[in-house]
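Work through the exercises below with the model open beside you. Try each task before you read its solution.

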Amino acid sequence: MPGRLRIALQAAAVSVVALLLALLGWQVFKKDQTPDVGRSAPNFTLPHLGSDRELDLASLRGKAVVLNFWASWCGPCKDEAPMLESAWNRYKDKGVVVLGVDAQDFDVDAQRFVERAGITYPVVRDKHGSTLGHYGVTGFPETWFIDRQGRLVGEHVAGPLTEEDLERNIKIALGEPA
Amino acid sequence: MTRGLLAVLVVALAVVAPAAASEQNPTLPELERELICPTCHETLAASTSPIAERMRAFIRARIAAGDTKSEIKAKLVDQFGEAVLAAPPKSGFNLLAWVLPLAGIVIAAGVVGLLAYRWSRGRKGEEAGEPSTNGRFSLDPELERRLDEELARYDA
């Protein structure tokens, strides 16, 4: 085998191995990285539950957002829903949006859940779970709070919310004294 | 010739017939092995999570309704995305996942074959020198002449 060809083949083999290692590293480190509080909330565009109409998170800029990740098969999500609905009714006129993100679920189950819980706040459907990794969501329910500038603020509540968690973090998102 | 053809046909039928039956009349256990629970990333067969239970109930209902295996999988992909499939579909970009390992095997076999060929040629080259009658290799004529001279000088 001529020397140049041999060197070219060796370089190609080393490049392929380096590429595979880089891909492995990227896969290991990119997933489930919880974003930092104070940074911009990762944007997404998702369809409303039971509709083709889409919601762009960036369109809510100027409002405080309670971003709640849930699924219909999640027990604590059932307990939490009335509290979120109540907060939505209390705060929607003060510039707060409660936004539910349903993931890892069946459409029909999610719609039934919304009807039974009497949810009137907007709910989007993340069929492929594409937002979960960006928000470091590892289970349900999880809640983030976003201020009027679109930044993540307050606490990332990984688990069921309490009334105190909700009130305190909504005030932080509104820029009011907690 | 006819026998060979018949054997090939029998083997082909043995492979294709069960696959066709499985496509038309899927069972829960086989689908449980071919689908992934979206929350725990294990096969449905290994998972006891709430969503896995719900998916099992869905599959049972679709089997009872007469859906084929492909139809059931397509409905689950529509709900959860392609990550719900234990093996990637053999189309589009995912085809790479099927083709690359085969290409790797073919390339590796080619490299091994090439190395074996070169090695065997090298061995032949080593054996190319003519052995003398006593089984040893003959020397270079110039070297032999010098050796004879040295021996003659020694004898003298």
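**Exercise 1: Domains**

Find how far apart the centres of the two domains of chain A lie.

Solution. Taken over C-alpha atoms, the centres of domain 1 of chain A and domain 2 of chain A are separated by 44 Å. Domain 1 covers 1-30, and domain 2 covers 45-174. These bounds come from an automatic or database domain assignment.

Before going on, note that this is a predicted model: local features need pLDDT of at least 70, side-chain atom pairs count only at pLDDT 80 or more, and totals for chains, interfaces and linings use all residues. Residues are numbered from 1 along each chain as its sequence is written, while chains are lettered from A and ligands numbered from 1 in the order in which they are written.

**Exercise 2: A hairpin**

State in which sense β6(A) and β7(A) pair, and over how many bridges.

Solution. Start with the strands (DSSP runs of E, at least two residues, numbered from the N terminus). β6 of chain A holds residues 142-146, and β7 of chain A holds residues 152-158. They pair (DSSP finds at least two bridges) in the antiparallel sense, over four bridges. Next, look across: T143(A) stands opposite V157(A). Then take the turn. Five residues lie between the strands, and G150(A) has a positive phi near 85°.

**Exercise 3: The core**

Name the residues with the most contacts inside the largest nonpolar core.

Solution. They are V66(A), I146(A) and I170(A), in a core of 54 residues. Such a core is a set of buried Ala, Val, Leu, Ile, Met, Phe, Trp, Tyr and Cys residues joined through C-beta atoms within 7 Å. Buried means 20 or more other C-beta atoms within 10 Å, exposed means 12 or fewer, and partly exposed lies in between, with C-beta atoms placed from the backbone. Strand β3 of chain A (64-70) gives the most to the core, six residues.
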